[in-house]
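User: I would like to learn how to read strands and cores in a model. Could we go through it feature by feature?

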Amino acid sequence: MVSPASRSALCRTALILALVAGGVPAFAQESADQQATQVASNQAAGEVVLIPNRVIYPGEMIDTGALKPVTLLPGKHRPDAVATQAEELKGKVAKRTLLPGRYIPVAAIRDAWLVEQGAAVQVYFIAGDLTISATAVSLQPGAAGDLIKVRNTDSGKIFSGTVMADGTIRVSAS
């Protein structure tokens with residue numbers, strides 16, 4: 001027969017071993033989540049950050065349904081350069097795996113590519129009233145404002161240009 005005092009010590013030891021091993025028993029995790037929700041709802045105005053509620057893989061478009069706003073506990077401050085608003089993430093793509101319950105660093109997201117590698121693109125050179133256009137193949141993917149390399153399909157020459165918001169490439173005299 002096990003005495004109540006040794007049963008309590010045995011339970012504490014099992015809980016400590018589970019925590020050290022990295023596993024959290026479901027009842028402990030659930031009660032911790034409930035406490036965090038209660039504390040977050042009772043505070044007046046804390047900082048809000050966004051965290052994924054599921055794994056978001058590299059190259060995946062970030063869907064607002066995969067995000068959960070979390071209010072930080074009083075006294076806790078958000079780290080620098082993490083996403084705090086859904087507008088920051090709208091239309092963005094994950095550069096690396098984003099794990100549930102973790103902050104989303106701004107460095108871990110990027111704009112979606114407007115130009116894919118290997119795609120045929122229109123290239124424009126504009127100087128005053130002079131406009132020269134050509135068809136080229138992009139050698140790199142790029143978002144608006146990125147400088148990428150393209151190959152002219154007629155001459156085979158490789159040059160760099162800036163991706164414009166409409167998906168065309170603008171080159172300038174160098």
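User: Which residue takes a positive phi in the hairpin of β5 and β6?

Analyst: In this predicted model, glycine 128 has a positive phi near 65 degrees in that hairpin, where two residues lie between the strands. Strands here are DSSP runs (E, at least two residues; helices are H or I, at least four), numbered from the N terminus. Local features need pLDDT of at least 70, side-chain atom pairs count only at pLDDT 80 or more, and totals for chains, interfaces and linings use all residues. Residues are numbered from 1 along each chain as its sequence is written, and side-chain values use heavy atoms, without hydrogens and water.

User: How many bridges pair β5 with β6?

Analyst: Strands of a sheet pair through backbone hydrogen bonds, either parallel or antiparallel. Two strands count as paired if DSSP finds at least two bridges between them; β5 (residues 120-127) and β6 (residues 130-138) are antiparallel over eight bridges, and alanine 120 has valine 137 as its partner in β6. Three bridges join β5 to β9 in parallel, with valine 123 opposite isoleucine 169, whereas β8 and β9 run antiparallel with two bridges.

User: Which residues make up the largest nonpolar core?

Analyst: Nonpolar side chains tend to be buried together in soluble globular proteins. A nonpolar core is a set of buried Ala, Val, Leu, Ile, Met, Phe, Trp, Tyr and Cys residues joined through side-chain atoms within 4.5 Å, buried meaning under 20% relative accessible area with a 1.4 Å probe, protein chains only. The largest has 12 residues, among them Leu50, Ile56, Ala66 and Ile109, and a second, separate core of nine residues includes Val123, Ala136, Ile148 and Ile169.

Technical notes
Buried < 20%, exposed > 50% of the residue type's maximum accessible area, 1.4 Å probe, protein only.
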